[in-house]
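Dear colleague, please find below a short note to be read beside the model.

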Amino acid sequence: MLLKTFRTAAALRRPRPPFPSQRVAKTWNWPAYRHNNLPHPIIRCQSAATITTMNQSQPVDAGLTSSATFLVLSVIPTDSSSIRAIRGVLSSVPDIAKNISIRDVNANLTCVVGIGSAIWDSLTRLPRPAELHPFPEVRGGKQTAVSTPGDLLFHIRADRRDMCFELERQLMDKLGDTVKVEDQTVGFRYFDARDLLGFVDGTANPVGAAAISDAVMISESDDGIDATAVGGSYVVIQKYLHDLKAWKALSTEQQEAVIGRTKSDNIELDDADDGQQQAHKTLATIEDASGEEYAVLRDNMPFGSPSSGEFGTYFIVYSRRLWVVEKMMERMFLGIPPGLHDRILDFSMPVTGTTFFVPSLSTLEALGDD
């Protein structure tokens, strides 16, 4: 539920993208896809009856699945042969996912590839996305949003754990000793999309293809955007560990005050007055001058091991505007007003923090063209 991640029933049913092998721009008849319960791409609506792909993205909006793997790697060494090999592997990810998906097309297997700031120039040989830079550490009074290493992100999702496992296995086999693992976390869906703190996760996500595209995908109309960035998005990841013993010591009413929603039925509570302690859902909301909220797309998942005493939330957010996510971090960790930090940080500690850029599908595939 970190960073205002409360999920509605509509968000749980957000449409899934096509298999990664569907690469060329096509015109889709939406009513036919909806009637047959088939996946469709992240799209821009042009009319009520017809939807057209524009600068097709990677499957960022894959929908909520039962399982996910979050794999963060660093590139070693960074010589030309290693870079060439990694470019080849990244360009083949859509085909790898497709080949595994054939075993069970209903498992909704997808993989999104993100590329970090430090490796972007040498790996892609493309203009740097306008906002791409290392994750900025935010040192607050209670917790610090740490900045940790990571050159590559693989966000693997499926409704079968074994298919996530197989995709990760094949990727690591192909990458070999060109990379080292910075973090690998396996997430799972918990009951009715709740986090381990007991609250529904994901309600604030945009719903509908047009709204998601507007929140997540960089477009040609964005200022200062190079053509190679169109169809891409920024992604920020953080791994949070929870102190469940301390959290459970709070009453339900106290927990609801921290989150800003009711626990049982996920009803939003009123904001506190200016100058007072604000709830998590308020601090994680960024608005423009007219009061309209800047939407982002979150796909958080719980993770943990009760026998090891580990309980956490893997926070992952996609956005066309990196600064919006970074502003959320500042508000959470520093507080609004300063000093009144997000009280969820009294019970949740970030242990990783990394930023990546997710290039469009065509840009990803072109990395193999040496």
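The points below go from the overall fold to individual residues.

1. Basis of the note. This is a predicted model, in which local features need pLDDT of at least 70 and side-chain atom pairs count only at pLDDT 80 or more, while totals for chains, interfaces and linings use all residues. Residues are numbered from 1 along each chain as its sequence is written, and side-chain values use heavy atoms, with hydrogens and water left out.

2. Overall fold. The protein has eleven helices and 15 strands. Helices (H or I, at least four residues) and strands (E, at least two) are DSSP runs, numbered from the N terminus. Of the 370 residues, 54% are buried; buried means under 20% relative accessible area, exposed over 50%, and partly exposed in between, with a 1.4 Å probe and protein chains only.

3. Contacts along the chain. Among contacts between residues at least 6 apart in sequence, 78% join residues at least 24 apart. Contact here means heavy atoms within 4.5 Å.

4. Nonpolar cores. A nonpolar core is a set of buried Ala, Val, Leu, Ile, Met, Phe, Trp, Tyr and Cys residues joined through side-chain atoms within 4.5 Å. The largest has 62 residues, of which Leu 90, Leu 152, Phe 154, Leu 167 and Leu 171 touch the most other members. Helix α3 (residues 80-101) gives this core its largest share, eight residues. Apart from it lies another core of 22 residues, including Val 72, Val 112, Phe 356 and Val 358. Leaving aside neighbours within four places in sequence, Leu 171 is in contact with Val 89, Val 93, Ile 96, Cys 111, Phe 154 and Ile 156.

5. Salt bridges. The structure holds 16 salt bridges, each being a side-chain nitrogen of Lys or Arg within 4 Å of a carboxyl oxygen of Asp or Glu. Arg 169 and Glu 166 form one of them at 2.6 Å, N to O; both residues lie in helix α5 (residues 161-175), three residues apart, about one turn of the helix. Glu 166 counts as buried because its relative accessible area is 13%, whereas Arg 169, at 37%, is partly exposed. Asp 183 also forms a salt bridge, with Lys 239, the closest N and O atoms being 3.0 Å apart. This pair links distant parts of the chain, with Asp 183 in strand β9 and Lys 239 in strand β10 (residues 233-242), 56 residues apart. Arg 261, Glu 268, Asp 271 and Lys 281 are linked in a network of salt bridges.

6. The loop between β9 and α6. Arg 194 is found in the loop between β9 (179-188) and α6 (209-216), and it counts as buried because its relative accessible area is 16%. The Arg 194 side chain makes a polar contact with the side chain of Asp 192 at 2.9 Å and reaches the backbone oxygen of Gly 198 at 2.8 Å. A polar contact is a pair of N or O atoms within 3.5 Å; within protein, one must be able to donate a hydrogen and the other to accept it, and residues adjacent in sequence count only if both atoms are side-chain atoms. Ala 193 is found in this loop too.

7. Backbone details to check. Most residues other than glycine have a negative phi, and most peptide bonds are trans. Phi of Ala 193 is near 60 degrees, a positive value, and phi of Asn 266 is near 65 degrees, likewise positive. A cis peptide bond joins Ile 76 and Pro 77, with omega about -15 degrees. Another cis peptide bond joins Ile 336 and Pro 337, with omega about -5 degrees.
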